[in-house]
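This report goes through one protein model, from its overall build to single residues. Please look at the sequence and the structure before reading on.

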Amino acid sequence: MSYDRTVRLDADFDTAVTAARKALADQGFGILTEIDVKATLKAKLGHDMEDYLILGACNPPLAHQALEADRSIGLLLPCNVVVRRDGDTTLVQALDPGTMVTLTGLPALEPVASDATARLDAALSALSA
């Protein structure tokens, strides 16, 4: 089962991060959390790795709808978007919102997942345009 939606960009990491933030904002997502995995693993374990950033994106109306359908859905929020280097390119990956429906089996989450998918796909498409 595929659980991601991914675009590959011929852009440097910082440019891709800036573009991803803008594309997400244009679709109504704010960034609630940011985890610099590269810096964290270097600081805690002395491990070197490629640039890797996790953005916790949230669209408040969609989060509200999801929480009204299932209070435990917060375990799957916010929408994680990963920006990471992969060789000479940068990947921008979003967790497929349909995963919420698949994992919970709740039909009430289908419209929320559908709307979130459309918005995330629009954001990812804007990056590769």
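## Overall build

A compact globule of 129 residues would have a radius of gyration near 14 Å, and the protein agrees with this at 15 Å. That radius is taken over C-alpha atoms, and the globule rule is 2.2 Å times the number of residues to the power 0.38. The model is predicted: local features need pLDDT of at least 70, side-chain atom pairs count only at pLDDT 80 or more, and totals for chains, interfaces and linings use all residues. Residues are numbered from 1 along each chain as its sequence is written, and side-chain values use heavy atoms, with hydrogens and water left out.

The C-alpha trace spans about 40 × 35 × 25 Å along its principal axes. There are five helices and five strands, in the order β-α-β-α-β-α-β-β-α-α from the N terminus. Helices (H or I, at least four residues) and strands (E, at least two) are DSSP runs, numbered from the N terminus.

Of the 129 residues, 39% are buried. Buried means under 20% relative accessible area, exposed means over 50%, and partly exposed lies in between (1.4 Å probe, protein chains only). Among contacts (heavy atoms within 4.5 Å) between residues at least 6 apart in sequence, 67% join residues at least 24 apart.

## The nonpolar cores

In soluble globular proteins, nonpolar side chains tend to be buried together. A nonpolar core is here a set of buried Ala, Val, Leu, Ile, Met, Phe, Trp, Tyr and Cys residues joined through side-chain atoms within 4.5 Å. The largest such core has 21 residues, and Leu24, Val81, Val83, Val92 and Leu127 touch the most other members. At least two residues of this core come from each of β1 (4-9), α1 (13-26), β3 (52-58), β4 (79-86), β5 (89-95) and α5 (110-127). The largest share, six residues, belongs to α1. A second, separate core has nine residues, among them Leu62, Ala66, Leu109 and Val112.

## Helix α1

Which residues of α1 are buried? They are Phe13, Ala16, Val17, Ala20, Ala23 and Leu24. Seen down the axis of α1, the buried residues fall within an arc of 135°, so they line one face of the helix. This arc is that of the directions from the helix axis to the C-beta atoms. The face turned away from the buried side carries the exposed residues Asp14, Thr18, Lys22 and Asp26. Cover for the buried residues of α1 comes from elements including β1, β2 (30-36), β3, β4, β5 and α5.

Just after α1, Gly28 has a positive phi of about 90°.

## Polar contacts and a cis bond

A polar contact is a pair of N or O atoms within 3.5 Å; within protein, one must be able to donate a hydrogen and the other to accept it, and residues adjacent in sequence count only if both atoms are side-chain atoms.

| Residue | Partner | Distance |
|---|---|---|
| Thr90, side chain | Arg85, side chain | 2.6 Å |

Thr90 lies in strand β5 and counts as buried, at 0% relative accessibility.

Leu77 and Pro78 are joined by a cis peptide bond, with omega about -5°. Pro78 sits in the loop between α3 (60-69) and β4.
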